[in-house]
Amino acid sequence: MSIRRALVLGSGGATGVAWELGVLTGLSRAGLPLDADLVVGTSAGALVAAWLTTSGVVPELDDARRERAGRIGPTHVARLVAAQLHPSRRHAVAWLGARAGNSWTQAAEAGWVERVGEGLSGLPWPESLVIVATDATSGRPAFFSAGQPADLAAAVAASCALPGVFPAVRIDGRLHFDGGLRSPANLDVAADTDVLIAVAPLSAAVRANRRPVRQAAHLAKSGVRVVLIEPDLAGRAALGPDLLAPARAERAFAAGLEAGARHAAEALAAWSGEPLPATREATDIASRLDAHRGYSQP
């Protein structure tokens, strides 16, 4: 019996892109075929997912990819933290959307789409790809796929458009921005699969149900076999506090490469439907879930 495989790539800025490319390279070098039936990309992960699904191979970390994003300033961080802490997440995102709408210009959007979506505009939408963004007006998630396509470059740019930092992107007459506002990785979008490998550079969120480890635990309970790859302490140090600092890309890539190699045996067993040692997978997710309890970072 065939198994339905999903690959989920989460948000994480410029250093997150490099770390995810490192993880995928490590998994690929270990012999894992990245032949997922469903590939879900959010923010940085949307860019990596688009590169992967349009080329069929793990992209190299080159100079152009290091320079995808600039730096984030403290004013922008304050706005995002305020939105995360607001009692109504949807209303908070709509507030960010109103600010984005006030500052939006067609020229700024065009420049951003060209910058982040270089080489993607006009390409056919990959059948396996789903990109998660956020509707800037309603605050609700938007899912772009082969069944609800947009221009690939525009969808990726929308998912990467951190409010207050990068321009929102107009798709079907509505402004959209960062898909990470819903969840750092959106594992639940791949709930209807048998096996899920999730690569999540960011693990923290104010609300517990948005955290990758909590979503992984929920999916595991429902019968999905989940391999969650997050940075360890050394990996988080390599990513650094400024996720939009391309100068740290090489260090982040190396940390991702190590993480991919470390999780390769588990991922290979899951991908092929082979059993792991008894309770290993469930115990691993449960232990990480305990470690995340009480997390209060945005």
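I looked up Asp172 to begin with: Asp172 is exposed, with a relative accessible area of 67%. For the cut-offs I use under 20% relative accessible area for buried, over 50% for exposed and partly exposed in between, with a 1.4 Å probe and protein chains only. The model is predicted, so I note its terms: local features need pLDDT of at least 70, side-chain atom pairs count only at pLDDT 80 or more, and totals for chains, interfaces and linings use all residues. Residues are numbered from 1 along each chain as its sequence is written, and side-chain values use heavy atoms, with hydrogens and water left out.

**Entry: positive phi**

I stayed with Asp172, which is not a glycine and yet has a positive phi of about 55°. I found Asp172 in the loop between β5 (169–171) and β6 (174–178). Helices (H or I, at least four residues) and strands (E, at least two) are DSSP runs, numbered from the N terminus. Most residues other than glycine have a negative phi.

I then looked up Ser43, another residue other than glycine, with a positive phi near 55°. Ser43 sits in the loop between β2 (38–42) and α2. Is Ser43 buried or exposed? Ser43 is buried, at a relative accessible area of 6%.

**Entry: whole chain**

I counted 11 helices and 8 strands in the chain. The chain has 298 residues, and 55% of them count as buried. I took contact to mean heavy atoms within 4.5 Å. For contacts between residues at least 6 apart in sequence, 78% join residues at least 24 apart.

**Entry: cores**

I defined a nonpolar core as a set of buried Ala, Val, Leu, Ile, Met, Phe, Trp, Tyr and Cys residues joined through side-chain atoms within 4.5 Å. In soluble globular proteins, nonpolar side chains tend to be buried together. Which residues have the most contacts inside the largest nonpolar core? They are Leu7 and Trp19, in a core of 70 residues. Helix α10 gives the most to this core, with 9 residues. Apart from this core lies another one, of 18 residues, including Ala6, Leu38, Val213 and Val226.

I listed the contacts of Leu7, leaving aside neighbours within four places in sequence: Leu24, Ala36, Leu38, Val39, Val40, Leu52, Ile197, Val199 and Trp271.

I also checked Leu228, which lies in strand β8 (residues 225–229) and is buried, with a relative accessible area of 1%. Leu228 and Ala200 are 28 residues apart in sequence, and their C-alpha atoms are 7.4 Å apart in space.

**Entry: α1 against α2**

I took axes as lines fitted to C-alpha atoms, for helices over the stretch in contact, with angles from 0 to 180 degrees between N-to-C directions. The axes of α1 (residues 13–29) and α2 (residues 44–55) come within 8 Å and cross at roughly 40°. That makes α1 oblique to α2; angles under 35 degrees count as roughly parallel, over 145 as roughly antiparallel, 65 to 115 as roughly perpendicular and the rest as oblique. From α1, the residues in contact are Gly13, Val17, Glu20, Leu21 and Leu24; from α2, they are Ala44, Gly45, Leu47, Val48, Trp51 and Leu52.

**Entry: α2 against α7**

I read an angle of about 155° between α2 and α7 (residues 152–159), with the axes 9 Å apart. α2 is therefore roughly antiparallel to α7. Ala46, Leu47, Ala50 and Thr54 of α2 make the contact with Leu152, Val156 and Ser159 of α7.

**Entry: α1 against α10**

I found α1 and α10 packed at an angle of about 40°, with their axes 6 Å apart. Among the α1 residues that meet α10 are Thr15, Trp19, Gly22 and Thr25.

I followed Thr25, which has its place in helix α1 and counts as buried at 13% relative accessibility. What does Thr25 touch, not counting residues up to four places away in sequence? Thr25 touches Val58, Phe253 and Leu257. Thr25 and Phe253 are 228 residues apart along the chain, with their C-alpha atoms separated by 9.2 Å.

Last, I looked along α10 itself. Where does helix α10 (residues 249–272) bend? The bend is at Ala264, by about 55°, taken as the angle between axes fitted to the seven residues ending there and the seven starting there. After α10 comes Gly273, with a positive phi near 80°.
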